[in-house]
Amino acid sequence: MPAKRAFPEIPTLPYPPTNFTIEEARRAVLKVREEDRLAREAAKRTRSGKRDHAKGRSAE
Amino acid sequence: MAKVGDVFINCPFDEDYQRHFRALVFCLLYCGARPRSALEVDDGSEVRIGKVIRIIGESPYGIHDLSRTDPDPASGLPRFNMPLELGLFLGAKHFGGPRQRVKACIIFDRERYRYQRFCSDIAGQDIRAHGDNEAQLIRGVRDALRTWHPDRELPGGGLIHRRYREFTEHLPRLAAEVGLEPQELTFRDLLTMVAEWLRTDAPESVSP
């Protein structure tokens, strides 16, 4: 397992975006990442729910 | 740690090449380099060749993809912008001042020795084949950056490619959030979106 190293620094961009602001891009990224996180958590809950259900049935 | 600096991307801008272009932009930003392109300024008062020369002059590094140097189906004539811009880059390195003479570049084609049939004068340069494959393109760019900056720790090509695929899977949603289709993103839009995506990316191990 390689050691954790410094993450390369993202450079300052030479120009702003054309069709939106940097702030809007940031909000878009954060929203999509948050939706992903919630979807992952929901999927995890579903999986563990199914496991519990299966365990319950086998105990019956 | 030394900054990687600006990298001039000399490639086709057609729709077929879009995924490769995104892969180049993503890889460069991931490695801390700044992608530069003739697409960055939409200024009708600056002639295209002048813009290209200015950006080449400002960029210590270049990526030149000759893979689309093919005859145009309609005219039967080859598309020669990429070899021309490669020539400008090599000319700047040869004839320019001390800052230009340290320029370095990577040249891609689809197959390793295809260029010999249309641009044999560049024999002796390091030409890499990407086989129209983004993973190979990313690996080639990453390895070139590592050669140019041996003091710099960079993520491995495989990791960058995985992260790139993750980004492209999310791109339609990211574009929709700002009211656009992915193909409507300009070069500057793409740079910003990739940079913001990477800024919120969880750090992972990187290889020397």
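Let me begin with chain A, where buried residues make up 10% of the 60 residues; buried here requires 20 or more other C-beta atoms within 10 Å of a residue's own, while 12 or fewer is exposed and anything in between is partly exposed, with C-beta atoms placed from the backbone. What we are looking at is a predicted model, in which local features need pLDDT of at least 70 and side-chain atom pairs count only at pLDDT 80 or more, whereas totals for chains, interfaces and linings use all residues. Residues are numbered from 1 along each chain as its sequence is written, and chains are lettered from A in the order in which they are written.

Turning to chain B, we find an open sheet of 5 strands in the order 2-1-3-4-5, with parallel pairing, where a pair needs at least two DSSP bridges between the strands. Its edges are strand 2 (33–36) and strand 5 (127–129) of chain B, each of which pairs on one side only. Strand 5 of chain B is joined by 3 bridges to strand 4 (residues 104–109) of chain B, running parallel to it, and Phe108(B) stands opposite Arg128(B) in strand 5 of chain B.

Now to helix 5 (residues 134–148) of chain B: how far apart are its end C-alpha atoms? They are 21 Å apart, which agrees with the 21 Å that its 15 residues should span at 1.5 Å a residue, because the expected span is 1.5 Å times one less than the number of residues. Among the buried residues of this helix are Leu137(B), Ile138(B) and Val141(B), and the cover over its buried residues includes helix 1, strand 2 and helix 6 of chain B.

Cys27(B), leaving aside neighbours within four places in sequence, is in contact with Ile138(B), Val141(B), Arg142(B), Ile160(B) and Tyr164(B), contact meaning C-beta atoms, placed from the backbone, within 7 Å.

Finally, where do the two chains meet? Here 31 residues of chain B are in contact with 27 residues of chain A. The elements giving two or more residues to that side of chain B are helix 1, strand 2, helix 6 (157–177) and helix 7 (187–199) of chain B, and the largest share, 10 residues, comes from helix 7 of chain B.

Technical notes: Two residues are in contact if their C-beta atoms, placed from the backbone, lie within 7 Å. Helices (H or I, at least four residues) and strands (E, at least two) are DSSP runs, numbered from the N terminus.
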